[in-house]
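Dear colleague,

Please find below the sequence and structure that I am handing over to you. A short account of what was found follows directly after.

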Amino acid sequence: VVAGFQSNRTVTIVGAGGLTVATDNSDAATNNEKRVLGNAASDWVASYELTATNEDFEVKDMTLTFSGDNTTNTVAAVKEVHVYADDKVTMLANEAVTTAAVNIADADFDEEFIVEVGSENIYIKVLAERIGLNQAGVTATGNHIASLAIAEAEGVDSGDDVPVTTTATASTQFDIYPNLVTVPTAASLSSSTLKNA
């Protein structure tokens with residue numbers, strides 16, 4: 001300390017930063033209802049905006065929860081959920097869907113999931129099951145990702161785990177349907193077989 005020294009600069013020292021997550025249904029990539037065919041990957045079905053303050057964060061554990069007109073059908077229709085970074089190219093995680101709540105733990109991430117100071121989005125796709133004879137998938141409508149909850153996020157600088165503030169609500173709706181196959185009439189063909197979608 002130097003006697004008589006004065007400064008207009010204010011310095012605030014914080015122990016750790018903060019992270020928030022919110023559904024971004026206004027995103028042009030996800031603001032319309034989507035149709036998904038059996039055995040096909042969807043277009044973007046959900047977008048979430050993550051905002052980091054004071055430091056970067058590594059997300060280490062999060063849970064996506066599905067819902068639908070019949071949630072049992074939603075789970076049966078969705079084979080995998082794919083999580084992409086803000087660039088829409090880098091796949092952060094690829095997880096099988098066996099229950100409505102799909103947990104992605106630290107070891108499940110294909111790439112480090114770092115949220116840098118500021119705001120960025122992550123994007124979600126689903127891969128639909130095959131629909132047809134002896135296949136696991138079913139038609140499922142009114143589907144949403146009901147919520148995204150981050151259970152663990154660690155400050156890159158502080159090394160601290162911080163609570164995550166979430167306002168993540170239901171995503172835009174997506175529906176899953178079988179591929180349609182035109183069957184010749186009895187007049188033109190005595191018998192026909194539908195192939196699995």
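This is a predicted model: local features need pLDDT of at least 70, side-chain atom pairs count only at pLDDT 80 or more; totals for chains, interfaces and linings use all residues.

I begin with a charged pair: Arg35 forms a salt bridge with Asp175, and the closest N and O atoms are 3.4 Å apart. The term salt bridge is used here for a side-chain nitrogen of Lys or Arg within 4 Å of a carboxyl oxygen of Asp or Glu. Arg35 belongs to strand β2 (residues 34-37) and Asp175 to strand β12 (residues 174-177), so the pair ties together parts that are 140 residues apart in sequence. Strands are DSSP runs of E with at least two residues, helices are runs of H or I with at least four, and the numbering starts from the N terminus.

Residues are numbered from 1 along each chain as its sequence is written, and side-chain values use heavy atoms, with hydrogens and water left out.

Salt bridges

Arg35 also forms a salt bridge with Glu33, where the closest N and O atoms are 2.9 Å apart. Through shared partners, salt bridges join Glu33, Arg35 and Asp175 into one network. Glu33, with a relative accessible area of 39%, is partly exposed. In these descriptions, buried means under 20% relative accessible area, exposed means over 50%, and partly exposed lies in between (1.4 Å probe, protein chains only).

A further salt bridge brings together the side chains of Asp43 and Lys34, at 3.8 Å from N to O. Here Asp43 is partly exposed, with a relative accessible area of 42%, and Lys34 is buried, at 13%. By the rule given above, the count comes to four salt bridges.

Aromatic pairs

The structure holds three aromatic pairs. Rings of Phe, Tyr and Trp (its six-membered ring) pair if their centres lie within 6.5 Å; planes under 30 degrees apart count as stacked, over 60 as edge-to-face and the rest as tilted. One of the pairs is formed by Trp44 and Tyr84, which are edge-to-face, with 5.1 Å from centre to centre and 85° between the planes. This pair links distant parts of the chain, 40 residues apart: Trp44 is in the loop between β2 and β3 (46-53), and Tyr84 is in strand β5 (residues 78-84). Both Trp44 and Tyr84 are buried.

Trp44 also pairs with Tyr123 in a tilted arrangement, at 5.6 Å centre to centre and 55° between the planes. Tyr123 lies in strand β9 (residues 118-128) and Trp44 in the loop between β2 and β3, so this pair ties together parts that are 79 residues apart in sequence. Tyr123 is buried, as is Trp44. Trp44, Tyr84 and Tyr123 form one aromatic cluster.

Lys125 lies over the face of Trp44, at 4.5 Å from the ring centre, and over the face of Tyr84, at 5.6 Å from the ring centre. A charge sits over a ring if NZ of Lys or CZ of Arg is within 6 Å of the ring centre and within 35 degrees of the ring normal.

With kind regards
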